[in-house]
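Take a look at the structure below. This briefing walks through some of its charged pairs and helices.

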Amino acid sequence: MTKQLTQVSPHASDWYREAIIYQIYPRSFMDTNGDGVGDLPGITAKLDYIASLGVDIVWISPFFKSPMKDFGYDISDYCDVDPMFGTLADFDTMIAKAHSLGLKIMIDQVMSHTAEEHPWFKESRSSRDNPKADWYVWADPAPDGNPPNNWMSVFGGSSWQWDTRRRQYYLHNFLTSQPDLNFHSPAVQQAHLDALRFWLERGVDGIRLDACNFHFHDTELRSNPPATNRDTATVSDVNPYGMQAHIYDKSRPENLAFLQKLRALLNEYQAVSIGEVGADDSLAVMAEYTADGDKLHMAYSFNLLVPQCSAHYIRQQVENFEARVKGGWASWSVGNHDVQRVATRWGGPEAPAAFAKMILAMQLSLKGTPCLYQGDELAFAEADVPFELLQDPYGITFWPEFKGRDGCRTPMAWSDAANGGFTTGKPWLPVSPDHLAKAASKQQGDAQSSLEFTRHFIAWRRQFPQLTRGGIEFFDAPEPVLALRRDAEGQRSIIAVFNLSGAPVSCALPQAAGAEQLDGYGLPGSVRNGQVELPAFGAWFGYAA
């Protein structure tokens with residue numbers, strides 16, 4: 001089953017506003033050579049499946065050459081495929097197949113840091129006067145030998161690492177094996193633009209910028225002040241990183257000019273960009289990065305990748321974005337490779353299939369470009385990975401209070417065969433037994449399954465410009481009800497109401513009085529004379545009176 005070649009309006013400059021993104025974590029998607037790690041030929045083999053969902057853009061997490069200390073987010077060659085994932089020829093085959101199905105390919109660009117094995121860093125650390133001596137952030141020690149300031153790593157401890165070759169510290173906002181590049185150097189900026197052009201020439205349709213507000217640092221190396229309102233929503237409360245106000249080590253104003261250069265290059269190829277923004281005030285940064293149509297096309301934060309899932313919280317995030325990111329465009333995600341799977345995080349340990357269906361419908365009803373994470377269409381819950389099998393250095397460091405990211409990164413279960421049909425070898429992480437029961441092959445053709453609902457709802461949504469390009473307004477409703485309206489010029493307004501709980505709800509919603517129920521969206525619920533009746537995890541869509 002494949003989709004039609006044109007699902008969105010490809011000739012509109014803002015076609016991405018009608019699109020849906022599907023994220024692939026390549027290590028865990030499909031393995032074709034039996035080494036237990038997913039690869040590019042595996043993605044190619046499953047592109048028909050992805051196309052059958054009705055999505056438009058396939059975002060692929062890093063597959064570049066890497067020592068894999070942070071599983072591909074530590075890059076040692078920006079212009080080559082790691083042999084673990086295949087070859088450049090495999091990439092070309094994959095992108096040709098995707099384009100034949102009407103799918104666009106978006107790749108991760110990790111610009112803020114490299115692997116310490118990158119030739120750039122090897123040269124930079126070799127002396128203080130080599131041609132790339134200033135390509136990374138180097139600093140002399142304080143008089144007592146300590147690091148130059150108090151900056152902290154996201155992954156724990158100081159963000160400065162002593163290097164005996166130069167007898168200086170280098171900056172690493174993540175692992176010590178991920179030295180930060182010095183974007184104040186024009187040569188560094190140009191090297192990244194050249195590497196990006198390499199992939200655009202191969203047919204890439206878009207980029208996802210990882211940690212895109214980490215590019216620049218304060219050249220005076222001023223220490224960060226303590227946080228006045230600690231962010232525990234996106235930074236675990238066991239991580240001291242959240243105890244600082246990060247005003248000098250990231251989100252620096254110089255990044256805006258670089259993003260303009262980046263956008264100019266993307267415009268040459270009609271390619272799109274989405275930036276990951278993790279900041280103390282992520283909305284303020286997103287507003288800057290998407291303003292004026294000359295920087296990022298879209299931005300997303302971790303605001304819906306958190307434990308909170310009340311109607312009030314979701315409404316607040318979307319309304320705050322609309323109020324503060326004037327003219328910008330959001331990409332709302334409720335799951336990705338860095339957070340606990342949404343079925344568990346929001347639905348609890350025994351979340352039923354009805355929960356996954358309702359959350360998908362809710363996510364796809366918000367204003368913005370939705371981003372789905374592999375396996376969420378199958379209602380996969382967080383996998384239980386014991387400590388002795390953990391691979392994620394983040395989780396190993398903060399165990400047991402924080403178990404890391406492996407639970408959302410376990411391999412896809414394509415069937416209930418050995419290892420879920422993911423590999424003929426030993427998988428790099430164990431396949432969850434719970435996922436085997438929800439394998440794609442078992443859900444295929446079952447009209448009541450999460451998989452078939454995903455396909456059905458995506459196709460249903462596409463009929464309504466109100467739900468893709470339309471504006472959004474929320475209504476007051478008691479918890480756990482989320483009620484909203486979507487409007488598009490020349491179209492009747494659509495009202496959508498969601499029950500975020502596992503118990504039936506009944507509430508008065510005056511705005512729904514006289515509304516006309518829409519057909520075919522596939523979720524239970526009703527409205528009569530402004531009284532909304534929703535079963536557990538139910539929803540209702542209708543035309544406003």
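Aspartate 163 and arginine 125 form a salt bridge, with their closest N and O atoms 2.6 Å apart. Aspartate 163 lies in strand S7 (residues 160–163) and arginine 125 in the loop between helix H4 (119–124) and strand S6 (138–139), so the pair ties together parts that are 38 residues apart in sequence. This is a predicted model: local features need pLDDT of at least 70, side-chain atom pairs count only at pLDDT 80 or more, and totals for chains, interfaces and linings use all residues. Residues are numbered from 1 along each chain as its sequence is written, and side-chain values use heavy atoms, leaving out hydrogens and water.

**Terms**

- A salt bridge is a side-chain nitrogen of Lys or Arg within 4 Å of a carboxyl oxygen of Asp or Glu.
- Buried means under 20% relative accessible area, exposed means over 50%, and partly exposed is in between (1.4 Å probe, protein chains only).
- Helices (H or I, at least four residues) and strands (E, at least two) are DSSP runs, numbered from the N terminus.

**Salt bridges**

- The count by this rule is 35 salt bridges.
- Both aspartate 163 and arginine 125 are buried.
- The two also belong to a network of salt bridges that links Lys69, Glu116, Glu117, Arg125, Asp163 and Arg165.
- Glutamate 473 meets arginine 485 in a salt bridge of 2.5 Å, N to O.
- Glutamate 473 sits in strand S13 (residues 471–475) and arginine 485 in strand S14 (residues 481–487), so this pair ties together parts that are 12 residues apart in sequence.
- Glutamate 473 is partly exposed, at 35% relative accessible area.
- Arginine 485 is partly exposed too, at 25%.
- Lysine 132 and glutamate 123 join their side chains in a salt bridge (3.5 Å, N to O).
- Lysine 132 counts as buried because its relative accessibility is 18%.
- Glutamate 123 has 27%, so it counts as partly exposed.

**Helix H8**

- Buried residues in H8 are Ala311, Tyr313, Ile314, Gln317, Val318 and Phe321.

**Helix H10**

- In helix H10 (residues 353–363), 9 of the 11 residues are buried, so the helix is largely enclosed by the rest of the structure.
- Among them are Phe355, Met358 and Leu360.
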